[in-house]
Amino acid sequence: MAFGSALETTGIGRDSPLLVCSRHHQIPLERLIFAMVANRALHPSSKLAMEEWVEKDVHIPHLPQVASHQLYRAMDELLAVQPELERQVFHAVADLLNLEVDLIYFDTTSSYFEVDPSETPEGESLRKQGFSKDKRPDLVQIVIGLAVTREGVPIRAWVWPGNTMDMTVIKQVKQDLIGWKLGRVISVMDRGFSSEENLRILQQAGGHYIVGEKMRSGKAAVEEALNRRGRYQQVRENLHIKEIIVGDGEARQRYVLVYNPSEAERQRKEREKLLESLKEELEGLRQLPNEAHHKATCRLRSHPSYGKYLRQLKDGTLRIDKQAVREAEKYDGKYLIRTSDDTLSAEDVALGYKQLVDIEQAFRTLKSTLELRPMYHRLEDRIRAHVLLSWLALLLVRIVEIRTHESWPKVRDECERLMLGHFSSKNGDLYQRTELTAKQALFLAALGLEPPPKILGIHPRT
């Protein structure tokens, strides 16, 4: 029997801010929420399957068993205190880890449902079809936003309808974070959020931004920044930067152009391989009869990879567009960053933006390790509660990783080897854990936990 109580170090336990949920209830509300978070981190399953998991696979103090209807009730109650819960959990974790919250990274993803769009109820407000980042445009989905600190700790999650566009959510995100009075915050975001309106919103209440710019956006300032002459400064291996100021006064815009030689070489080789394949396709066109030739030509022109390197002559013949190839070469290994903060060095701007990869890792953990998708909940409140529980589980995982300096799968697998034995005889029952391994003891110490008692219970027969 795996021992699950070690997870309480994350602040999600009997002495945690989740006590805010413990109003007058007949069920152990906090224990149920803790169990669902632990289940999501250790062995993601349905609420029905959790009945057997709690009873037979783990030991959760003061929760020997659960019923699925109790878990659903706890999910409903969790939403009722969500704003206060989020605030308290954030401040508790910030104190626990001495978090630096000057840089806040934000991005969105989508998560789908295993239900045909035609089967969704009339008037459905949350599950919608939209741009799918899971490559499942055939299914309804929701959009999830995540704010992450520079240490990779997810401090807040949002849920929006599946047809929500990235550009439209920044105002709410900014207002929600202002409410926490975090002080001077620099928001770090990808290219999908860099509209002028969003950038103005991010500067409200003394805030600043570091955002990616679309290099092929056609903006005059972007074109000027890309064409500005000047030498790159190498600040790290495979990280060369060039600071560029465009405009004067209030129209002044600060850019940092970043160049990665290794990435440029990788992109060059990929393009060469693609062009070789395209040449073979063009050679094959000559062998086809009229109708087949026409279909193959249309297929190549509309191909997402081949099409951008093709041009069609007046007689209908396809040729490789050398100008398009030269244009693509200009962007190899480069990305453009824009910032409103003049106090940061160009190097800090580049490195700050580079850390945006942490939020991408957070989304991967949500979707794979914690098995956020696919979702089967139908009620809107249950969907929101499911995401909230997954966020708490992700928070738990990151705290454990930060304090142990190990990946979550390694910590989880090692701690699941700590077993609770049930020994029964005519005289009674004894519950005793196995001996700690050296790694288990090391993890518990790093998490600030006392080892669980060796004897958890003695029950004489009467």
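**Ground rules.** I'm working with a predicted model, so local features need pLDDT of at least 70 and side-chain atom pairs count only at pLDDT 80 or more, while totals for chains, interfaces and linings use all residues. Numbering runs from 1 along each chain as its sequence is written, and side-chain values use heavy atoms, with hydrogens and water left out.

I looked up the largest pocket and got about 370 Å³ of space. (A pocket is an open set of points on a 1 Å grid over the protein atoms alone, where a 1.4 Å probe fits, with protein on both sides within 12 Å along at least five of seven lines; the volume is the space filled by probe spheres set on the points, which are joined across faces, edges and corners.) It has 17 lining residues, with E263, R266, Q267, D332 and G333 the closest to its centre; lining means having an atom within 4 Å of a point. Helix 8 (261-285) and strand 13 (334-339) are the elements that give two or more residues to this lining. Helices (H or I, at least four residues) and strands (E, at least two) are DSSP runs, numbered from the N terminus. Helix 8 supplies the largest share, 6 residues. I sorted the lining into 6 nonpolar, 3 polar and 8 charged residues. Here Ala, Val, Leu, Ile, Met, Phe, Trp, Tyr, Cys and Pro are nonpolar, Asp, Glu, Lys and Arg charged, and the others, Gly among them, polar.

**Helix 4.** I checked the length of helix 4 (residues 82-97): its 16 residues should span 22 Å at 1.5 Å a residue, and the end C-alpha atoms are 22 Å apart, so the two agree. The expected span is 1.5 Å times one less than the number of residues. Which residues of helix 4 are buried? I found L85, E86, V89, F90, V93, A94 and L97, where buried is under 20% relative accessible area and exposed over 50% (1.4 Å probe, protein chains only).

**Positive phi.** Most residues other than glycine have a negative phi, so I noted the exceptions. N98, which follows helix 4, has a positive phi near 50°. H62 has a phi near 65° and is in the loop between strand 2 (58-59) and helix 3. At 59% relative accessibility, H62 is exposed. H405 has a phi of about 60°, in the loop between helix 13 and helix 14 (408-415). H405 is exposed too, at 69%.
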